[in-house]
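Hi everyone, and thanks for making time. Today I'd like to walk you through a structure that may be new to you. Have a look at it first, and then we'll start with a single residue.

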Amino acid sequence: MQLDTVIHDGAIITAGECFRGDVGIADGRIVMVAERIPGGGRRIDAGGRLVMPGGIETHAHIEQENASGILSADDYLSGSVSAAFGGNSCFIPFAVQHRGEAIGAVLAKYERRALRSVIDYSWHLTVSEATERIVTEDLPRAFARGIASLKVFTTYDQMNIGDGGMLDILTVAKAHGAVTMVHAENADMVKWMNRRLAAAGLTAPRYQAISRPELAEEEAIHRVIALAKLVNASLFIVHVSTAGGATLVQREKLGGARIFAETCPQYLSLTRQNLDLPGEEGAKYICSPPLRDAATQAALWRHVQARTFDCISSDHAPSRFDETGKFANGRDVPFSRIAGGLPGIAFRLPYLFSEGVARGRITPQQFVALSATNAARIFRLKAKGSIAPGMDADIAIWNPEVARRVTLADQHDNMDYTPYEGMELTGRPEIVMTRGEIIVAADRLVAREGQGRPIARSIMDLAGRPGHLAKELDPNQNFGAAIAP
Ligand SMILES: [Zn+2]
């Protein structure tokens with residue numbers, strides 16, 4: 001067989017194994033993994049390097065309007081380039097349906113936007129309302145097109161789907177083998193805190209962290225898990241930021257519910273003290289859920305080690321430190337009027353590698369699971385997330401030793417700051433490939449605009465996963481047969 005590329009003598013890491021050898025690539029796919037592979041049109045010496053699946057970023061806001069109409073600072077070119085420099089070969093940003101918008105039109109809009117991407121992509125469809133038409137017609141149509149995941153919110157007036165709406169969404173997603181993601185915070189607790197703080201004149205950025213209590217997340221996580229268990233549906237809880245929330249996830253996973261979860265580098269590396277900067281500087285650290293404290297950080301790291309989390313995602317939500325982003329509602333406004341969100345798509349994997357693998361908290365195999373393999377399994381990217389014959393040649397070759405400080409320029413995004421400026425990290429991706437083509441090499445972009453492709457995803461295979469069956473909806477008990485989802 002004629003091989004286009006052979007990656008030679010690297011430490012090949014998958015979610016389960018680590019072994020020294022060669023990877024043979026032809027026509028964009030991995031066709032051979034062996035101790036030694038001769039030949040190849042191009043040979044890449046990976047001696048002393050780690051050969052890992054390219055990262056899959058599953059939480060990113062790219063060229064996306066939020067509910068108040070502010071567009072994220074990165075488009076599909078800058079966002080995908082930044083992702084590539086951070087070791088990613090593929091991402092799944094959100095395609096967001098705001099109230100009144102037709103889902104077909106939303107997907108068509110994001111299809112146009114994504115044409116500039118340098119890495120492969122799909123979308124999670126964010127749904128802001130559970131109308132009859134959306135639930136019975138639009139969503140089944142979207143699932144059939146390979147959109148295998150949805151996202152809903154329990155908070156924000158323009159997005160909050162309500163518990164009943166969420167049950168309808170979970171039920172249709174389950175029927176089609178899709179997974180529902182949820183942003184879980186108790187909307188009324190947050191509003192009540194906001195009113196108290198405003199009445200007391202406490203509106204500087206630092207109070208944003210106080211305004212969204214840990215209990216608001218814990219309560220909502222508990223509730224959404226109960227909703228998912230009632231209809232025995234798969235649920236992915238995004239950006240878990242509290243020890244209490246993580247403990248609930250851990251307990252329900254052990255109990256057999258189909259619960260998945262992620263946390264993000266900002267909750268592992270920053271605290272609410274970052275919001276204490278003078279003047280408007282604290283606005284750079286406003287995100288929801290908010291940054292917590294050092295004890296929460298330590299607890300979240302323990303949950304990373306204990307495999308409570310399936311993914312570490314960036315929640316890249318780039319709002320520039322100017323009138324196009326953070327200050328779209330003006331300067332000197334209360335924290336509630338400052339745009340939320342932190343950038344971090346290029347930072348995610350170098351951070352996880354440095355603080356996780358280099359510091360001995362997780363194994364390289366766990367790094368691969370958290371950065372790519374679990375995402376591919378949960379979100380149904382069948383040919384991605386591992387290094388094995390038949391898989392797409394989405395590969396990142398990492399130098400595990402090199403140390404460097406984080407700078408804004410290194411992020412290659414369209415931002416005017418990085419919250420992580422100056423942080424010292426060990427290990428970085430040197431070569432990143434998408435389907436066998438090098439897109440980043442030695443700090444240089446070699447990708448062609450638009451070379452990324454849309455990936456149609458398959459539905460979730462639930463065989464062998466009993467999940468949780470509510471007695472009242474069990475078709476074999478009581479009256480369940482008439483109403484079972
Ligand atoms: Zn987000």
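Let's begin with Ala73, which counts as buried because its relative accessibility is 18%, and the cut-off for buried is under 20%. Before I go on, please keep in mind that this is a predicted model. Where does Ala73 sit? Its place is in the loop between strand S6, residues 55-57, and helix H1, residues 76-85. Leaving aside residues up to four places away in sequence, Ala73 touches Ser78, Pro318, Arg320, Asn414 and Met415. There is also Ile62, eleven residues apart from Ala73 along the chain, with 7.7 Å between the two C-alpha atoms.

Now let's step back to the whole chain. It has 13 helices and 19 strands. Its radius of gyration is 22 Å, which agrees with the value near 23 Å that a compact globule of 485 residues would have. Along the principal axes, the C-alpha trace spans about 70 × 60 × 40 Å. Of the 485 residues, 59% count as buried. If you take contacts between residues at least 6 apart in sequence, 75% of them join residues at least 24 apart. The accessible surface is about 18400 Å², and carbon and sulfur atoms account for 51% of that.

Next, the empty spaces. Rolling a probe the size of a water molecule over the atoms shows where empty space is left. The largest pocket holds about 1300 Å³ of space. Which residues lie nearest its centre? They are Asn66, Ser68, Tyr156, Ser288 and Gly340, out of 48 lining residues. Several elements give two or more residues to this lining, namely strand S8 (94-97), strand S11 (149-153), helix H5 (187-199) and helix H6 (207-211). Helix H5 gives the most, with four residues. By class, the pocket lining has 18 nonpolar, 22 polar and eight charged residues.

Keep an eye on Ser288 for a moment. A cis peptide bond joins Ser288 to Pro289, with omega at about -5°. Pro289 lies in the loop between helix H9 (265-269) and helix H10 (294-305).

And how many cavities are there of 30 Å³ or more? A search of the whole structure finds three. The largest cavity has a volume of about 230 Å³. It is lined by 19 residues, and Ala346, Pro350, Asp410, Gln411 and Arg428 are the closest to its centre. Strands S16 (395-405) and S17 (424-434) are the elements that give two or more residues to that lining. The cavity lining divides into ten nonpolar, four polar and five charged residues.

Pro350 brings us to helix H11, where it is one of the buried residues. H11 covers residues 348-358, and ten of its eleven residues are buried. After the helix comes Gly360, with a positive phi near 80°.

Let me finish with two arginines. Arg307 is not a glycine, yet its phi is positive, about 65°. Arg435 is not a glycine either, and its phi is positive at about 45°. Arg307 is in the loop between H10 and strand S15 (311-312), while Arg435 is in the loop between S17 and strand S18 (437-441). Are they buried or exposed? Arg307 is exposed, with a relative accessible area of 55%, whereas Arg435 counts as buried at 13%.

Conventions. Residues are numbered from 1 along each chain as its sequence is written. This is a predicted model: local features need pLDDT of at least 70, side-chain atom pairs count only at pLDDT 80 or more; totals for chains, interfaces and linings use all residues. Side-chain values use heavy atoms; hydrogens and water are left out. On a 1 Å grid over the protein atoms alone, a cavity is a set of points where a 1.4 Å probe fits but cannot get out, and a pocket is an open set with protein on both sides within 12 Å along at least five of seven lines; lining residues have an atom within 4 Å of a point. Grid points are joined across faces, edges and corners, and a volume is the space filled by probe spheres set on the points. Ala, Val, Leu, Ile, Met, Phe, Trp, Tyr, Cys and Pro count as nonpolar, Asp, Glu, Lys and Arg as charged, and the others, Gly among them, as polar. The radius of gyration is taken over C-alpha atoms; the globule rule is 2.2 Å times the number of residues to the power 0.38. Buried means under 20% relative accessible area, exposed over 50%, partly exposed in between (1.4 Å probe, protein chains only). Contact means heavy atoms within 4.5 Å. Accessible areas come from the Shrake-Rupley method with a 1.4 Å probe; for residues, only the protein chains shown count as cover.
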